[in-house]
Amino acid sequence: MKSSTNFSQKCVLYCRVSSKEQEDTGYSLDAQQHLLEQYADKNQIDVVKIFRISESASGKQIRKVFYEMLDYVKKNKIKLILSEKIDRLTRNLKDASVISEWIMSGENEVHFVKENFIVSRNTRAHENLVWDMKVAISRFYTNNLSEEVRKGQTEKASQGKYPGSFKLGYLSVGEKGKKEFVPNDKTFNQARKMLEMYASGNYSMKAIKEKAWEVGLRSRFDKRLYKSQIEKFLKDPFNYGCFLWKGELREGTHKPLIIKETYDIIQEVRTRGKAPFYQRHEYIFSKMIKCGECKGTISSEVQKGRVYCACKHNKVCTQKGGVREDRVEKRLIDVMSVFESITAEEAKEIQRRIKENHKKEAEYKLSVISTLNAQYTSLQVKIDRMYDDKLSGDISTEMWRTKNDTAIADQKKIQAELEKLKNQEAEYFETYIDILDLAQRAKSIYNKRKSSGDKRLLLQNLFSEIIIKDGSVKYELKTPVRKYRDRVLSFENNFELKKAFADNAKAYSEAKITSMLPR
């Protein structure tokens, strides 16, 4: 078909690649532009603007450029668009309709150079049929490509590999369609630290957002993380080794940032409002103290230059007035006085006995782990037998699916329990040995720390609950601290302790402090 152009005609070029591979080679867009420029030069057409778009661009970006081109030709009264092929210009009926409307609005034309095809208002009926068919074929190609991509993503997800494109703390490596997430050496530990900080209950989302920027955590486009992105990160099961795909939680093969137990703590802090609000004044006990009567959260406020802790909520409560923050601090830190008079020899003996207890508990945990492993193996044998029964027709597919899903769910519970036990085993000995140093130096460590956040962290390592009632402070010790305290007190009859230590121990034992949490 001959062109109806004249020598003074102006045009725009529309270039678009059809695959990610073509974009990566850097060839297709340039090749299209060169072909169209040759065509324009041969027909003495003036190219006034070039629109280029890659297939990797989002659908929103593609539509934006497409309509920018149409607005440009309308505004500047340009009557000719050059494109390599129909599927480069449009791949859906809506865009084809928009192009057809523009063509019929005047003496406008679209030249598809590689197909030697021109569409204008004077195009004959059979040529319009070709145009419609080519648009339909392009639309089929797009739909088929999307379907194949979805199939590939579903298969990838079934193998435990997340089909998405970005996760904080990870890199996506490998060939297209086979990419896997591996820890990013530069950000993996920082991302884990952010999760652990939030789990402590000492940091708001806004505080985590600021910390993330300080340590170099960035968005996919290397920008500062928004608060909404931080919230999404905190909720993401990908952090403990799973991922959501098509509304289904799947177990991933990637290395997790944290264990499931820490993830659950984060969700509790996030949904139950246990994280402090980001505020100008940093209060040491923000959301840490409960009212002994109504169980509401004790508030902190400044009065005449001093910080007071008081019950300020709207519930019916008879508690009046408040307790000065510094007096609450003194009451809590004085708890550690019982450990201060321990001699080096006594500390050494305590460590020896802790090691003995650790050995006994380690042996018990090994037996539990062995039992769980045997249960897991038994379930796997059961799963294999059920599959054989399904193949032989002894049970229906529906019955097999129900029993198989139940067995797999039981296996996952066993795996979670094994993971928990192994982590406890790794941390057990260190926790009980380190608590000796922490308890002996708690006062000096606490007094040297200027940051309220740092003091909160130390207090949270020592106490599981703090309560104010009738102007007095009551508390529950963390399990390792309580057990260590009890062991120290049990040595009173076995050591010739200094009088100061004996007096402290006796006074402490009479405080009748109990623990709310199991070991």
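Q: Is Asp30 buried, partly exposed or exposed, and what is its relative accessibility?
A: Buried means under 20% relative accessible area, exposed means over 50%, and partly exposed lies in between (1.4 Å probe, protein chains only). Because its relative accessibility is 42%, Asp30 counts as partly exposed. The model is predicted: local features need pLDDT of at least 70, side-chain atom pairs count only at pLDDT 80 or more, and totals for chains, interfaces and linings use all residues. Residues are numbered from 1 along each chain as its sequence is written, and side-chain values use heavy atoms, with hydrogens and water left out.

Q: Which side chain meets that of Asp30 in a salt bridge?
A: Side chains of opposite charge can pair when their charged atoms come close. A salt bridge is a side-chain nitrogen of Lys or Arg within 4 Å of a carboxyl oxygen of Asp or Glu. Here the partner of Asp30 is Arg52, at 3.1 Å from N to O. Asp30 lies in helix 2 (residues 28–42) and Arg52 in strand 2 (residues 46–53), so the pair ties together parts that are 22 residues apart in sequence. Helices (H or I, at least four residues) and strands (E, at least two) are DSSP runs, numbered from the N terminus. Arg52 is partly exposed, with a relative accessible area of 37%.

Q: How many salt bridges does the structure hold?
A: The structure holds 12 salt bridges. Among them is the one between Glu84 and Arg88, at 3.0 Å from N to O. Glu84 is buried because its relative accessible area is 6%, and Arg88 likewise counts as buried at 6% relative accessibility.

Q: What is the N to O distance between Arg224 and Glu210?
A: The side chains of Arg224 and Glu210 meet in a salt bridge at 3.7 Å, N to O. This pair links distant parts of the chain, 14 residues apart: Arg224 is in the loop between helix 8 (205–214) and helix 9 (227–235), and Glu210 is in helix 8. Arg224 is partly exposed, with a relative accessible area of 34%, and Glu210 counts as partly exposed at 25% relative accessibility.

Q: Which residues gather in a patch of positive charge on the surface?
A: Patches are made of residues with over 30% relative accessible area and no salt bridge; like charges are joined within 9 Å. Lys and Arg count as positive. In this structure, Lys60, Arg63, Lys64 and Lys94 gather in such a patch. Helix 3 (residues 59–75) gives the most to the positive patch, with three residues. Arg63 has its place in helix 3 and, at 47% relative accessibility, counts as partly exposed.

Methods: Patches are made of residues with over 30% relative accessible area and no salt bridge: like charges are joined within 9 Å, nonpolar side chains (Val, Leu, Ile, Met, Phe, Trp, Tyr) within 5 Å. Accessible areas come from the Shrake-Rupley method with a 1.4 Å probe; for residues, only the protein chains shown count as cover. The place of a charge is taken as NZ of Lys, CZ of Arg, CG of Asp or CD of Glu.
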